[in-house]
Amino acid sequence: MLSVVVPTMWQFDPFCDFLEDLVQLPIIDEVIVINNLVEITPDHSALKHPKVQMHNMPENIYCNPSWNLGAKLAKNEKVCFLSDDVLVDLRLFKRVHDHMMPEHGITGIRITKEVYDLHFPNHDKIKDLNKLLVTGDLRIRPWVGIEYNLGWGALFFINKSNWIDIHPELLIMYGDSWVFNMQLEMGRMNYLVEDCFFYTPWNMTWKSDYVKNKVELIAKETHEFYIKCQNETLAKLRS
């Protein structure tokens, strides 16, 4: 079975309708909602479904700590981390569940041409856009290269026993890089799903006025700081 972890601040209205379909999937037996903005929680039938577990935070604990908490709370070995501004082919969940093996790292999803066009209108990162066309085949292949820099952290799967907590001083930045690279550091292969319908406006929570101290957090959580945190954690794991 599959656990799904969703950190949220309720900034993408279509998500609750998507969640209503998601909880109907037999392969999913729990959806762990990390509610970082309790006061605007919508009154939606999907949130009352018995598979949905609402964990109300007294204040925003931010994305990376929400992922750590969700990994801790998940009762299943196979876990999906899903942003609250994502719409995706529902067939994906069983497809990846059946693919996952204990020795695997993460399995993520490649953005589609539509999402790429929306966020990179100058086509400055991928030259051959035909590679992003969606056929619906849900192919899974070993994941190498730089694709993870294109926002894959909106949706990924991992074995709970392989999860390595994101450093507590990294609250908003480099969480996806942490998860991806830590699995490589542990000698595990990561995998990528291609040819899957996937839409996200990206970072709806991040763009909202509800996230406090954005400027300060960005200034602190630089790439150099991320590498420092990663090396510190690796040293502890290998000691």
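A residue is called buried here when its relative accessible area is under 20%, exposed when it is over 50%, and partly exposed in between, using a 1.4 Å probe and protein chains only. The structure is a predicted model, in which local features need pLDDT of at least 70 and side-chain atom pairs count only at pLDDT 80 or more, while totals for chains, interfaces and linings use all residues. Residues are numbered from 1 along each chain as its sequence is written, and side-chain values use heavy atoms, with hydrogens and water left out.

Staying with the cysteines for a moment, a disulfide is a covalent bond between the sulfur atoms of two cysteines. Taking a disulfide as a pair of cysteine sulfur atoms within 2.5 Å, the structure holds zero of them.

The sheet comes next. Helices (H or I, at least four residues) and strands (E, at least two) are DSSP runs, numbered from the N terminus, and two strands pair if DSSP finds at least two bridges between them. Eight strands build an open sheet with mixed pairing, in the order E3-E2-E1-E4-E8-E6-E9-E7. At its edges lie strand E3 (52-56) and strand E7 (139-142), each of which pairs on one side only. On average, neighbouring strands of this sheet are turned by 20° against each other, direction ignored; axes are lines fitted to C-alpha atoms, for helices over the stretch in contact, and angles run from 0 to 180 degrees between N-to-C directions. Within the sheet, E1 and strand E4 (residues 78-82) pair in the parallel sense over four bridges, and Val-5 stands opposite Phe-81 in E4. Helix H2 (residues 63-73) packs on the sheet, where it touches E1, strand E2 (28-35), E3, E4 and E8, and its direction makes about 145° with that of E2. Contact here means heavy atoms within 4.5 Å.

Two loop residues are worth a look on the screen. Trp-10, in the loop between strand E1 (2-8) and helix H1 (15-22), has a positive phi of about 60° although it is not a glycine. At 12% relative accessibility, Trp-10 counts as buried. Tyr-174 has a positive phi of about 65°, again without being a glycine, and lies in the loop between strand E8 (155-159) and helix H5 (175-185). With a relative accessible area of 24%, Tyr-174 is partly exposed.

Finally, Gln-230 lies in helix H8 (residues 223-238) and is buried, with a relative accessible area of 7%. Leaving aside neighbours within four places in sequence, Gln-230 is in contact with Trp-178, Asn-181 and Met-182.
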